[in-house]
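Here are some friendly notes to read alongside the coordinates.

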Amino acid sequence: MKIVVRILVIALAAVLLSWLTTLYAQSSGVGNTNGGRPGFEARGNESSTERQFPTRSDAGRGRPGLYRAIEMFQPTLIITAIVVFVAPAAQFFRRRRKQRLSRMTSQSIPLTPMSHDTAP
Amino acid sequence: MATPGTKVKGLNPNKVNLAVDVAIFLVFLLTMAPRFSGLVIHEWLSIAFGATIVVHLLLHWQWIRQVTRRFFSKTTWESRINYVLNGLLFISMTIVIFTGNMISEFALPQLGIRLGQNFEFHRLHTMSADFIVFLVGLYIALHWHWVVNAIKRYALALFFPRSARAARAETPMVDHKGNA
């Protein structure tokens, strides 16, 4: 029962977001076949998606192989680059926070009685 | 990543999370390269991807609830950043899947649903997809420590049991939320 409620909550959030997206799309021009870009009008049987995403055989036609490979796996490369730069930075801040916390705890709790703490 | 949100009985939650997240990531990479996979696979995988997001959210439900309650009061900055990142990811994923369905060329027409082509949905689709790539990069970078530990402990254990035991002794399996 709990799971059903949770799924419904997620679905409701998704439906709400989709509705907002539709509203946004409507306000900025649903029905435009060119989206305000001259030269992009739909022609004959050619669909917008065909122009946006060429098929596998069309990808990077006439370009060098390396360029084609980079174009195909662009998201993977971008993610790798972000991970390479951000992961060490995140690790650094995490370690620094841990060090600060351990320093604070060691300062606030005296582990051994000091000479001036002990009664004469 | 390892919070017991919706527990899968008899299974280690860390193992389940690792398996689900690796599967989601691989599907995501394949979906994000339509020139490699082709448009038909791109569309069907994107629809399936929606279901995997729901599974991911259900597995982390407890964490979502906890941080939602404590967001403005008692929680770490790391959890807050994670929460915002997750929220942005959910919003962008929903937009990208929804707009993808609206401009679908193969999947929905195969089911008998035909929606007119629209460049505004197209623009939103590519824009949110580009944004998702950066968000996913950040998400993985912030969870990198957990990912490496989980792979060492569970995936490598299948091939190198000795090194996995050493990894287990070296670092306790604590996720970014501080759960062991």
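Predicted model: local features only at pLDDT ≥ 70, side-chain atom pairs only at ≥ 80, totals over all residues.

1. Chain A is a helical chain: its secondary structure comes to four helices and zero strands. Read along the sequence, the pattern is simply α-α-α-α. Of its 120 residues, 19% count as buried. The accessible surface of chain A is about 9200 Å², and carbon and sulfur atoms hold 66% of that area.

2. Chain B also has zero strands, with nine helices to its name. From the N terminus on, its elements run α-α-α-α-α-α-α-α-α. Here 50% of the 180 residues are buried. For the accessible surface of chain B, the total is about 9300 Å², with 70% belonging to carbon and sulfur atoms.

3. On contact order in chain B, look at the pairs with a separation of 6 or more: 64% of those contacts join residues 24 or more positions apart.

4. The crossing of α1(B) past α3(B) is left-handed.

5. Which residues in α1(B) and α3(B) meet? On the α1(B) side they include Val16(B), Val20(B), Ile24(B), Val27(B), Phe28(B) and Leu30(B), along with Asn17(B), Asp21(B) and Thr31(B). On the α3(B) side you will find, among them, Leu45(B), Phe49(B), Val55(B) and Leu59(B), as well as His42(B), Ser46(B), Thr52(B) and His56(B). By class, the contact of α1(B) with α3(B) has 10 nonpolar, six polar and one charged residues.

6. A second pair worth a look is α5 (residues 77–102) with α7 (residues 119–142) in chain B. These helices pack at an angle of about 150°, with their axes 8 Å apart. The two, α5(B) and α7(B), are therefore roughly antiparallel to each other. Their crossing is left-handed. By class, the contact of α5(B) with α7(B) has 19 nonpolar and six polar residues, and no charged ones.

Definitions and conventions. Residues numbered from 1 in each chain as written. Chains lettered and ligands numbered in written order. Heavy atoms only, no water. Left-handed = near helix turned anticlockwise from the far one by under 90°. Contact = heavy atoms within 4.5 Å. Nonpolar A, V, L, I, M, F, W, Y, C, P; charged D, E, K, R; others polar. Buried < 20%, exposed > 50% of the residue type's maximum accessible area, 1.4 Å probe, protein only. Areas by Shrake-Rupley, 256 points an atom, 1.4 Å probe, with all protein chains shown as cover. Axes fitted to C-alpha atoms, helices over the stretch in contact; angles between N-to-C directions. Parallel < 35°, antiparallel > 145°, perpendicular 65-115°, else oblique.
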